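Hello,

Here is the structure I promised to pass on. Have a look at it first, and my notes follow below.

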Amino acid sequence: SCVHTESCFVPTSEIIAVEETELTKKQRNIGKWQKMTKPHAFTVYYVKKARNHRWRCSDVTFWCVDEHLCSQWIQALKELLEMQKSRPKQLLVYINPYGGKRQGKRIYEQKVAPLFSLASISTDVVITEHANHAKDNLFEVNINKYDGVVCVGGDGMFSEVMHGLIGRMQKDSGIDQNNPKAPLVQCNIRIGIIPAGSTDCICYSTVGISDPVTSALHIIVGDCQPLDVSSVHHNNTFLKYSVSLLGYGFYGDILKDSEKKRWMGPMRYDYSGFKTFLSHHYYEGTISFQPAKHTLGSPRDKDSCRTGCYICKKSEQQLAEQHKECGLKHEEDEEEWKVIKGKFLAINAVNMSCACPRSPKGLSPAAHLADGSADLILVRKCSRFDFLRYLVRHTNQDDQFDFSFVDVYRVKSFQFTSKLLEDSESNVTDIGKKRFGHFCRDHPACCCNIANSTWNCDGETLDSSAIEVRVHCQLMKLFARGIEENCRDEAASSQSSLEQLL
């Protein structure tokens, strides 16, 4: 029999834990249990899906008079859970106590640690004390004893752990990260993100919501979502890895301006965004790229990336076949490069949709998490009003690429050089331009050409304006499953039909 009146169907993969339950005297005096001499009970903890991709830990208690039968059920269910081989047993956890609203430690201790404990996951916790603490630590630890690495913080904390883990993998395999053409070794150790920062874009794009309990449950059930990673180089020197946004011009300028105003908190992004919009600076340069011919989708189609994405699976296969057929070196030389020179307000390369609560569709709604490509969005010089029309479309359902001044391409690698670097002979006009640029920054309403912007790489600035970018298909894995389709319907059905299983 079951304590709850409602019944529901729960797949084994979504049971969190099974525990023997001691019924208190008060509980024994309720209803049918009064007639029993000594009822025996066990509790099943399971994932309950709510609205907007939110998961919660729910529980149901079963009881009977027969002690042997009760222990048989517990044994059978525990054996079922043991068969779930993708579940982590040992995790390395990094907590950033300073990120976002400085709530990382509290969020982990109150909301996440009890769930890990319930699921019998053992953890080694490191509280980071300075920038790059987690990254440096990942080069020293015995990584093979862990089934996953969890970071508690925002996108910056995730970036640090990702750089540490990918860097460690390449070091152990003897691969030189400074070589832009080096085929990188995939990371088989999954990363879990417990959101506790001011921006949690990656969580939002891979889980569907920025919520610590939901993310903890995805880790417990052992979900796995591969993720493309872009490497950024300058002059055969490795700069950074990127998983969400690489932005030059508008988004680079916002970040550079907001860095000076950290005291304002999250509001600094709004202020800097408005200021940058008024400045309306454009940048001259040359962008060359290799189209991603292996991928099935295109940036203009309506196929969003969802759990178990068919396009990601197929694109990965196509890419592997291409590599087999012509070998990496041959393919690099032979494949065409498309070259575009121009004046740009923004150049954005995204590996995922970059959706967030403010921009529910993101910068590229049909971008895929694991198809070995990035969407390259070029916004050419246009009027302020036109640029505003483009920005507004990120917040509604209209097609943001449907403008004559916006071009979008699905690419597997690209290079960018600013005009200033192309005209490297530093003549008088360039010097004048530089000075004029500094003058204009103090007069935001002026519309003029400043020599260089900076690159915004997943929320961190890159000072080099000339970069070489390559997408590495499914270089790493997350404890996530992508965005689930029709989550509300699933929530409704799980309400309606553990009894069938038990």
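Strand S8 (residues 225-234) runs antiparallel to strand S17 (residues 467-478), and 8 bridges join the two. Strands and helices here are DSSP runs (E, at least two residues, for strands; H or I, at least four, for helices), numbered from the N terminus, and two strands pair if DSSP finds at least two bridges between them. Within this pairing, Val229 has His472 of S17 as its bridge partner.

Please keep in mind that this is a predicted model: local features need pLDDT of at least 70, side-chain atom pairs count only at pLDDT 80 or more, and totals for chains, interfaces and linings use all residues. Residues are numbered from 1 along each chain as its sequence is written, and side-chain values use heavy atoms, with hydrogens and water left out.

S8 also pairs with strand S9 (residues 237-242), again antiparallel, over 5 bridges. Here His234 stands opposite Thr237. The two strands form a hairpin with 2 residues between them, and Asn235 in that turn has a positive phi of about 50°.

How many of the 10 residues of S8 are buried? The count is 8, so the strand is mostly covered, where buried means under 20% relative accessible area, exposed over 50%, and partly exposed in between (1.4 Å probe, protein chains only). Across the 502 residues of the protein, 55% count as buried.

Elsewhere, Asp66 sits in the loop between strand S3 (55-64) and helix H2 (67-82). Asp66 is partly exposed, with a relative accessible area of 40%.

Best wishes
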